Amino acid sequence: MDPRPLPGLLRGEAFTILGGTVAGVSKARMLRGDLSRPTYGVRRDGPPSDLTELVTATALALPPDVAFSHTTAAGLLALPLPSDAGAPLHVMRTSGRTRIRRAGCVGHLGLERRELAIHSGLTVVSPADTWVDLADLPLDDLVVLGDAIASRDRSTDSLVKAIARRDRCPQRSR
């Protein structure tokens, strides 16, 4: 028997289990195998087709004070990365908060020392601060990433400022 169709508002979108319940979707329907589970507590009509859809779905289950960072921010911002730098998702909060612990996510602290950007409605660490966060990449990859950022900005100023923000702080977050 075919599963009951989702309400129009939820078709093709990620939603929380609570949101599905409010929209009239039964618990049994949300457990059906045709709905993907991008992260715990979130369902989607079909799997996410790209990083932006996966991050958007995951963001539904995260607190609002989180920004996407490291390779996740670089991917969202279409910065060049080595092909093996994808999963898991990286999320960051300020140092006074609890690090995010969630399957499929790596939690970081230190958001207060980074500039933020908005991409597709998602809060991400700025390109220059992402470059500094990825300092453990192989040197060639780091140069390519920095060059891409400097080319977009038509300047290295943002990269220099990102380094300076980190050099002034004794605590380093990874």
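Colleague: What do strand 7 and strand 8 form, and which residue in the turn has a positive phi?

Modeller: The two strands make a hairpin with two residues between them, and Ser120 in the turn has a positive phi of about 50 degrees. Bear in mind that this is a predicted model: local features need pLDDT of at least 70, side-chain atom pairs count only at pLDDT 80 or more, and totals for chains, interfaces and linings use all residues. Residues are numbered from 1 along each chain as its sequence is written, and side-chain values use heavy atoms, with hydrogens and water left out.

Colleague: How do you know that strand 7 pairs with strand 8?

Modeller: Pairing takes at least two bridges found by DSSP between two strands. Here four bridges join strand 7 to strand 8 (residues 122-125), so they pair, and they run antiparallel. Ile118 stands opposite Thr123 in strand 8. Strands themselves are DSSP runs of E, at least two residues, while helices are runs of H or I, at least four residues; both are numbered from the N terminus.

Colleague: What makes strand 2 and strand 3 a pair?

Modeller: Two bridges join strand 2 to strand 3 (residues 42-45), again antiparallel, with Ser36 opposite Arg44 in strand 3. They belong to an open sheet of three strands in the order 1-3-2, with antiparallel pairing. Strand 1 (14-16) and strand 2 (35-36) stand at the edges with a single partner strand each, so one side of each has no neighbour in the sheet.

Colleague: Why is Arg29 called buried?

Modeller: Buried means under 20% relative accessible area, exposed is over 50%, and partly exposed lies in between (1.4 Å probe, protein chains only). Arg29 has 9% relative accessibility, so it counts as buried. Arg29 lies in helix 2 (residues 27-30).

Colleague: Why do the side chains of Glu53 and Arg44 count as a salt bridge?

Modeller: That term needs a side-chain nitrogen of Lys or Arg within 4 Å of a carboxyl oxygen of Asp or Glu. Glu53 and Arg44 come to 2.9 Å, N to O, so they qualify. Glu53, at 27% relative accessibility, is partly exposed, whereas Arg44, at 8%, is buried.

Colleague: How many salt bridges does a search of the whole structure find?

Modeller: Eight. One of them joins Asp129 and Arg165 (2.6 Å, N to O). Asp129 lies in helix 5 and Arg165 in helix 7 (residues 157-167), so the pair ties together parts 36 residues apart in sequence. Both Asp129 and Arg165 are buried. Elsewhere, salt bridges with shared partners join Asp65, Arg93 and Arg97 into one network.
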